[in-house]
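Please find below a colleague's note on the model shown here. The points are numbered and may be read in any order.

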Amino acid sequence: MESLAARMKAANSLLAPYAVPHGGELGRRHSEEEDPTRFPFQRDRDRIVSTDAFRRLAGKMQVLPPGFSDHIRNRGTHTIETANLSRTIARALRLNEDLAECIALAHDIGHPPFGHSGEEALNESHEGGFEHNAQSLRIVTLLEQHSDAYTGINLSIEILEGMVKHRKNEHGIPRSLSLEAQIVDLADAATYTAHDIEDGLDAKILSLESIRSTDFGERAVARAKERSTRLRGGVLDLLMTDLYTKTERCIRAFGIQSLADVYSANDLCVSFSDGLDASLRELRQFLWDHFYLHPTVREKAQEGMRIVTKLYEAYRKNPPEKVIVLQRRTDSDLLDAVKDYIAGMTDEFAAEAHSRL
Ligand code: MG
């Protein structure tokens, strides 16, 4: 096998000059020796998918709980789809696929049970509030264990910045994100838009006619027909065609020629055109009105909120042994450990714990 340095050099020569190079530039919080065979971001990917928190995503609902159909997305499958699309976009734009994949695999790792309703409940119950991006960062920097030498899994800094969606320079001044991090944000939105439509149809909560009442829906249906694919393919094709054109135009307009240019840019480059963005917003509003706030979905969401709120109230008064162990191991405040424990639960585990209160 060729040396890691030789392979990394060959791989870097295929990247655009403004991509994050395979070796990364910012290192890790705790310095470590290079792995002899894997590139640093490949190593990060292995660490992310080996966490308990990553595996638990399979037991956390996205919009609908299991039971509506065997094909409904959960947070784990949503994550896989987001990572796939992130890789696809990164490759098309000659950006770093491994880095985009890592950020995507970790982007929802801090999501609590019961989707956004679980997040809302924890945010209301916990004094410091709750936000899943911050929790994702806490998981990979503190809660998960990889080595006796440090807490967390010691990911490359480029991944941490992509997860929290902001970056600062050495003087604490905010800077723009890598194009790889920007990709994941849009891939996430494209993925959930495409699969929520599909899940809504599958659960018979949405109808094709109602989706076609929106400008975006009508165009996506036409595109799917042209390409002889399912509607999801039409949605993604519309979004990606627009994203590639707009992003390449933006890279040229901003005069981006290096990674330093990316970081010092005044605005994000990976984006949809204004026209598509407006029609996507109309579709998102439609999904809120007709899917996320549909009485059947709302009822499940409220049940999830009740469970999370009750668990928090019970555990803050009477913390179970597991919370105490977690608190000691992570040197946290008791209430933070209560929040961490509940946020880590799968839907089923939370419902079961609630039934035992
Ligand atoms: Mg997501």
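With which residues is Asp35 in contact, leaving aside its neighbours within four places in sequence?

1. The contacts of Asp35, apart from neighbours within four places in sequence, are Leu4 and Arg43, where contact means heavy atoms within 4.5 Å. Asp35 belongs to the loop between α1 (4-12) and α2 (40-49); helices (H or I, at least four residues) are DSSP runs numbered from the N terminus. Because its relative accessibility is 11%, Asp35 counts as buried (under 20% relative accessible area, with a 1.4 Å probe and protein chains only). Its side chain reaches the backbone nitrogen of Thr37 at 3.0 Å and the backbone nitrogen of Arg38 at 2.8 Å.

2. On the basis of the values: this is a predicted model, in which local features need pLDDT of at least 70, side-chain atom pairs count only at pLDDT 80 or more, and totals for chains, interfaces and linings use all residues. Residues are numbered from 1 along each chain as its sequence is written, and side-chain values use heavy atoms, with hydrogens and water left out.

3. The magnesium ion has as protein donors His78 (NE2), His107 (NE2), Asp108 (OD) and Asp188 (OD), at 2.1 to 2.5 Å. Donors here are N, O and S atoms within 2.8 Å of the metal (3.2 Å for Na, K and Ca); water is not among the atoms, so sites may look incomplete. Along the chain, the donors of the magnesium ion are spaced as H-x28-H-D-x79-D. Distant parts of the chain are linked by the pair His78, in helix α4 (residues 75-92), and Asp108, in the loop between α5 (97-106) and α6 (115-125), 30 residues apart. Both His78 and Asp108 are buried.

4. Helices α11 (residues 215-227) and α14 (residues 274-292) have axes that come within 7 Å and cross at roughly 105°; axes are lines fitted to C-alpha atoms over the stretch in contact, with angles from 0 to 180 degrees between N-to-C directions. The two helices are therefore roughly perpendicular to each other (65 to 115 degrees).

5. Thr141 lies in helix α7 (residues 132-143). A polar atom of the Thr141 side chain is 2.7 Å from the backbone oxygen of Leu137. Not counting residues up to four places away in sequence, Thr141 touches Arg29, Thr151, Gly152 and Leu160.

Technical notes:
Buried means under 20% relative accessible area, exposed over 50%, partly exposed in between (1.4 Å probe, protein chains only). Angles under 35 degrees count as roughly parallel, over 145 as roughly antiparallel, 65 to 115 as roughly perpendicular and the rest as oblique. A polar contact is a pair of N or O atoms within 3.5 Å; within protein, one must be able to donate a hydrogen and the other to accept it, and residues adjacent in sequence count only if both atoms are side-chain atoms.
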